[in-house]
Amino acid sequence: MNSRPTNDSTGLTYRDAGVDIDAGEALVDAIKPLAKSTARKGAGAALGGFGALFDPREAGFKDPILVATTDGVGTKLKIAIEAGNHNGVGIDLVAMCVNDLVVQGAEPLFFLDYFATGKLDVAAGKSIVAGIAEGCRQAGCALVGGETAEMPGMYADGDYDLAGFAVGAAERGTLLPCDDKIEPGDVVVGIASSGVHSNGFSLVRKVVEKSGLAWSAPAPFAPDRTLADALLTPTRIYVKSCLAAVKAGTIKAFAHITGGGLVENVPRVLPDGVVAAIDGAQWSLPPVFQWLAQQGGISPFEMARTFNCGIGMVAVLAPEHVQSALKILADNGETAFVIGAIRSRAGDEPQSQVHGLGGSAP
């Protein structure tokens, strides 16, 4: 005779061990509409299966090369946790992955997330996933799945971590960088960031500690916002604007300015024989970076190799394409300007050289 399983009240349960399956199911139910809002051609965005399918042909690709990325948000999460503001970190998570796809000329197709915590807070979890869904909508990719891991004993009370995974595609033969075409005389264009983005926050937190300011205090560089809210400004997603420039055929390379700043990231897309000479006086250092540099006593070189310093994406292109590229980027909502040039490399000199950082833009 079949019978329904019953709960033995005298025995231990998973809840007794600190894992609340009901809370996990409640979170899944809460985020299903968020995932559904990111559906696109080639993929639905229904949650609950063991795996997700994607059809590149339905998405319009004929002979695609797949590109995959993974990243996290880093210690910026500590500010979100301590301030109780989880609204934007999901956007950060998506941005850190999809911006790395678009620099290779790839269109983001789908995204998965991993959310790990000691004790699941359904409200905070929903806020985080709402940000992930918003980031996916901005990038045009589908949120097709993820994992929520409740692991008591692994994380302190209230702590959590995020990881993201994105897959994109480009038609065979169209991938960037075209490093064999980059040559002296090419132009370096910078695309403005929205703030600190998601790198360098261990140093940011050290500067805040030195300042003695609370997260709830007015930000010295943005007094109409709290310090936490200002620093938690989400990473800008450059997918649609950069893809428009790629499709116009004007771009030889993009570099996403993440950990390592302008110093370390630009050389990743350059051939050995050239240098990107970047003139920091071509743009005004945004107030948040001015404050960090002054409050922390951080040198211009350390700023340039730690932070984006107001430039979230760099493009390399031929001089004759500069004006058309700037117009495409502006038409797609970006603030972009010429910040330097490519020249021949002498010996083993650094391939990205930033001078005049912190000067006033002309």
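Q: What makes up the lining of the second largest pocket, by class?
A: Keep in mind that this is a predicted model. The lining has ten nonpolar, six polar and three charged residues. Gly105 is one of the residues nearest the pocket's centre, and Gly counts as polar here. Ala170 and Val246 also lie nearest the centre, and Ala and Val count as nonpolar.

Q: Why are strand S5 and strand S10 said to pair?
A: Pairing takes at least two bridges. S5 (residues 187-192) and S10 (residues 311-317) have six bridges, so they count as a pair, in the antiparallel sense. Val187, for instance, stands opposite Leu317 in S10.

Q: What makes S8 and S12 the edge strands of their sheet?
A: The open sheet has six strands in the order S8-S10-S5-S11-S9-S12, with mixed pairing. Strand S8 (253-256) and strand S12 (352-355) each pair on one side only. On average, neighbouring strands of this sheet are turned by 25° against each other, direction ignored.

Q: Which strands does helix H3 touch as it packs on the sheet?
A: Helix H3 (residues 89-102) touches S8 and S10, and its direction makes about 165° with that of S8.

Key: Residues numbered from 1 in each chain as written. Predicted model: local features only at pLDDT ≥ 70, side-chain atom pairs only at ≥ 80, totals over all residues. Heavy atoms only, no water. Helix = DSSP H or I, 4+ residues; strand = E, 2+ residues; numbered from the N terminus. Axes fitted to C-alpha atoms, helices over the stretch in contact; angles between N-to-C directions. Contact = heavy atoms within 4.5 Å. 1 Å grid on protein atoms, 1.4 Å probe; cavity = no way out; pocket = protein on both sides within 12 Å on 5 of 7 lines; lining within 4 Å.
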